[in-house]
Amino acid sequence: DGLIWFDGEMVPWREAKTHVLTHTLHYGMGVFEGVRAYSTPNGPCIFRLKEHTDRLFNSAHILNMHVPFSKEQLNEAQRAVVRENKLDSAYLRPMCFYGSEGMGLRADSLQTHVIVAAWEWPSYMAPEAKELGIKIRTSSYTRHHVNITMCKAKANGNYINSMLALKEALDCGCEEALLLDNEGYVAEGSGENIFIVTDGVIYTPELTSCLKGITRDTIIQFATQLGYQVVEKRITRDEVYVADEAFFTGTAAEVLPIREHDGRKIGSGRRGPVTEKLQQMYFDQVTGQSKD
Ligand code: PLP
């Protein structure tokens with residue numbers, strides 16, 4: 001139940017529907033965001049709202065989709081779904097998709113529709129994972145080409161590989177997958193960026209094959225503030241195996257330690273001290289924000 005913002009209006013959850021001939025359903029040309037609102041002493045606050053809306057518009061621009069609303073209208077739509085659904089903390093899903101105005105790749109009558117839904121966030125990891133870390137596995141699927149050339153776009157069609165990789169990892173008793181790029185370098189998780197810590201230096205893959213994560217940006221900023229050197233470079237999977245610490249970042253995953261990779265223990269086999277510091281700083285920031 002609740003309300004979903006749909007093309008400028010609040011619509012009851014059950015009525016927020018689209019036709020089976022919705023173009024994006026067939027061809028995957030669409031863009032979306034994953035955004036979080038956190039409960040804070042000032043009421044619910046949306047973390048990095050402006051950055052997420054900017055990325056949504058950039059994603060649409062990269063895919064040459066016209067968004068028929070302004071950034072400010074979409075910021076307000078996101079605040080409104082949290083407010084009107086009386087949510088204290090939430091996951092928000094803005095999405096732009098082509099409707100059923102035309103079919104086929106040559107359709108030229110397509111209109112971009114925009115929705116923003118919000119719901120209470122169910123954590124998909126066990127609560128102890130934040131402290132103990134998770135087990136990951138290198139995927140047999142690579143981060144595919146569209147994502148390599150469009151690492152700044154969060155596009156619907158990019159998630160086929162992510163889903164296949166994640167299922168493969170889960171079937172092997174792991175909690176997440178690590179996708180490599182087409183050249184065999186570490187790219188990212190199914191929906192997270194990766195960082196490693198070696199000899200006190202923090203490394204993360206450069207933006208050639210991974211999404212420009214907003215949590216990634218935040219963590220780079222925090223780590224720099226704490227005086228760590230942060231290096232964006234190509235990383236091989238054995239550099240992860242021998243790292244002192246490794247962790248994922250993402251709007252959903254937040255800062256999540258990795259304790260094992262392909263059956264090899266990482267560092268001490270649980271959350272390391274640098275990860276813990278950054279995790280705490282991130283948590284303090286999201287739960288102590290002032291109104292956006
Ligand atoms: N990589 C992929 C493929 C993602 O889907 C996400 C999630 O949005 C991320 C990384 C992390 O990005 P962010 O920190 O902006 O959530």
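Buried area is the accessible area (1.4 Å probe) that two parts lose on being put together, summed over both. By that definition, domain 1 and domain 2 bury about 1900 Å² between them. Carbon and sulfur atoms carry 60% of this area. The model is predicted: local features need pLDDT of at least 70, side-chain atom pairs count only at pLDDT 80 or more, and totals for chains, interfaces and linings use all residues. Residues are numbered from 1 along each chain as its sequence is written, and side-chain values use heavy atoms, with hydrogens and water left out.

**Domains**
- The assignment gives domain 1 (3-119) and domain 2 (129-287); such bounds come from an automatic or database domain assignment.
- Taken over C-alpha atoms, the centres of domain 1 and domain 2 are 26 Å apart.

**Domain interface**
- In domain 1, 22 residues are in contact with 21 residues of domain 2 (contact means heavy atoms within 4.5 Å).
- One salt bridge is counted between domain 1 and domain 2 (a side-chain nitrogen of Lys or Arg within 4 Å of a carboxyl oxygen of Asp or Glu).
- On the side of domain 1 that touches domain 2, β3 (30-32), β4 (35-40) and α2 (49-62) each supply at least two residues.
- Helices (H or I, at least four residues) and strands (E, at least two) are DSSP runs, numbered from the N terminus.

**Ligand site**
- The ligand is surrounded by 15 residues (a heavy atom within 4 Å).
- The closest are Tyr 159, Glu 188, Ile 214, Thr 215 and Thr 251.
- An N or O atom in the Glu 188 side chain is 2.6 Å from a ligand nitrogen atom.
- For Thr 215, a side-chain N or O atom is 2.6 Å from a ligand oxygen atom.
- Thr 251 also has a side-chain N or O atom 2.6 Å from an oxygen atom of the ligand.

**Salt bridges**
- The structure holds 19 salt bridges.
- Arg 36 pairs with Glu 254 through their side chains (3.3 Å, N to O).
- Arg 55 and Glu 33 form a salt bridge (2.8 Å, N to O).
- Arg 55 lies in helix α2 and Glu 33 in the loop between β3 and β4, so this pair ties together parts 22 residues apart in sequence.

Notes: A polar contact is a pair of N or O atoms within 3.5 Å; within protein, one must be able to donate a hydrogen and the other to accept it, and residues adjacent in sequence count only if both atoms are side-chain atoms.
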